[in-house]
Amino acid sequence: MITIRKSIDRGRRNHGWLDARHTFSFGDYRDPAQMGFRSLRVINEDVVAPGAGFAPHSHRDMEIVTYVLEGGVKHEDSTGGGGVIRPGEVQYMCAGSGVTHSEVNASPSEPLHLLQIWLLPNAKDLKPGYAQKSVSAEIDGRLAAIVSGDGRDGSIKINQDTVLYAARLKEGQEVVLPLAAERFGWLQIARGGAEIGGAVMQAGDGARFEAEAGPKLKALGLAEILFFDLP
């Protein structure tokens with residue numbers, strides 16, 4: 001079964017320096033019917049004004065993944081991790097027993113467009129950690145694992161039995177979403193559009209998959225997608 005959550009139905013908060021769209025409940029946007037899906041807790045699509053960003057703040061007991069669509073985000077945290085993450089790269093932070101970090105638009109003149117993803121960890125009070133990896137070549141024209149619980153295919157290893165795949169596809173390209181019948185899936189359209197199960201999805205749309213093994217996706221124009229294989 002495929003259930004689509006349209007982009008327009010997401011929560012939206014515009015703070016001036018930050019225009020945020022929330023697939024699931026976050027901050028002062030709360031919808032009891034949208035509290036996450038399986039181990040996936042947050043997908044925030046953020047557009048951050050030039051030079052603006054999130055001042056140092058703390059998290060714990062969360063696996064946090066950042067995926068940049070446009071611009072660059074400067075990250076610093078209390079583990080010593082940091083750098084500028086740009087399109088074609090993925091960043092991971094294990095908040096674990098507690099971490100303080102900041103995220104700022106690295107450009108003084110151009111906006112930053114990113115997806116921030118939170119996953120529930122498989123244990124509490126883990127040792128905090130940081131990783132960053134270029135995935136641009138891996139995701140062009142195909143679906144590739146970029147983070148996973150087992151570090152498959154050189155992906156960043158996280159503390160959850162989840163695989164996050166990404167793909168950048170040209171018009172008409174097709175991929176089979178790697179989902180077993182006993183697993184659950186979430187598809188997020190980051191750019192462009194796609195057809196799946198007879199339905200058309202556009203940028204910002206998401207879809208949950210239950211008891212739906214190996215669904216096929218077709219790109220409608222240039223498309224960039226994220227797909228979560230969830231326990």
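The side chains of Arg 12 and Asp 19 meet in a salt bridge with an N to O distance of 2.7 Å, a salt bridge being a side-chain nitrogen of Lys or Arg within 4 Å of a carboxyl oxygen of Asp or Glu. The structure is a predicted model, in which local features need pLDDT of at least 70 and side-chain atom pairs count only at pLDDT 80 or more, whereas totals for chains, interfaces and linings use all residues. Residues are numbered from 1 along each chain as its sequence is written, and side-chain values use heavy atoms, with hydrogens and water left out. Of the two partners, Arg 12 is partly exposed, with a relative accessible area of 43%, while Asp 19 is buried, with a relative accessible area of 15%; here buried means under 20% relative accessible area, exposed means over 50%, and partly exposed lies in between, as computed with a 1.4 Å probe on protein chains only. Arg 12 and Asp 19 also belong, together with Arg 21, to a network of salt bridges.

In the whole structure, 15 salt bridges are found. Among them is the pair of Asp 161 and Arg 183, whose closest N and O atoms are 2.8 Å apart. This pair links distant parts of the chain, 22 residues apart, since Asp 161 lies in the loop between strand 14 (156-157) and strand 15 (163-169), and Arg 183 in the loop between strand 16 (174-176) and strand 17 (184-196); strands are DSSP runs of E with at least two residues, numbered from the N terminus. Asp 161 counts as partly exposed at 44% relative accessibility, whereas Arg 183 is buried, with a relative accessible area of 15%. The side chain of Arg 183 also meets that of Asp 229 in a salt bridge of 2.9 Å, N to O. Here too distant parts of the chain are linked, with Arg 183 in the loop between strand 16 and strand 17 and Asp 229 in strand 20, 46 residues apart. Asp 229 counts as buried, at 8% relative accessibility.

An open sheet is formed by 7 strands in the order 2-3-4-11-6-9-12, with antiparallel pairing, where two strands pair if DSSP finds at least two bridges between them. Strand 2 (11-14) and strand 12 (129-134) stand at the edges, each with a single partner strand, so one side of each is left without a neighbour in the sheet. On average, neighbouring strands of this sheet are turned by 15° against each other, direction ignored; the axes are lines fitted to C-alpha atoms, and angles run from 0 to 180 degrees between N-to-C directions. Within the sheet, strand 6 (residues 63-70) and strand 11 run antiparallel and are joined by 7 bridges, and Tyr 67 stands opposite Leu 115 in strand 11.

Backbone angles were also considered. Most residues other than glycine have a negative phi. Asp 61, however, has a phi near 50°, a positive value in a residue other than glycine; Asp 61 is placed in the loop between strand 5 and strand 6 and, at 17% relative accessibility, counts as buried. Ala 211 likewise has a positive phi, near 55°, and is found in the loop between strand 19 (206-210) and strand 20 (216-230), but Ala 211 is exposed, with a relative accessible area of 64%.

The search finds 1 cavity of 30 Å³ or more, where a cavity is a set of points, on a 1 Å grid over the protein atoms alone, at which a 1.4 Å probe fits but cannot get out, and lining residues have an atom within 4 Å of a point. The largest cavity holds about 40 Å³ of space, a volume being the space filled by probe spheres set on the grid points, which are joined across faces, edges and corners. Two or more residues of its lining come from each of strand 5 (53-59), strand 10 (99-105) and strand 11 (112-119). The lining of the largest cavity, which includes Val 48, Phe 54 and Glu 103, divides into 6 nonpolar, 3 polar and 1 charged residues; Ala, Val, Leu, Ile, Met, Phe, Trp, Tyr, Cys and Pro count as nonpolar, Asp, Glu, Lys and Arg as charged, and the others, Gly among them, as polar.

The largest pocket, a pocket being an open set of points with protein on both sides within 12 Å along at least five of seven lines, holds about 240 Å³ of space. Of its 17 lining residues, Leu 18, His 22, Phe 26, Asn 44 and Phe 54 lie nearest its centre.

Technical notes:
Helices (H or I, at least four residues) and strands (E, at least two) are DSSP runs, numbered from the N terminus.
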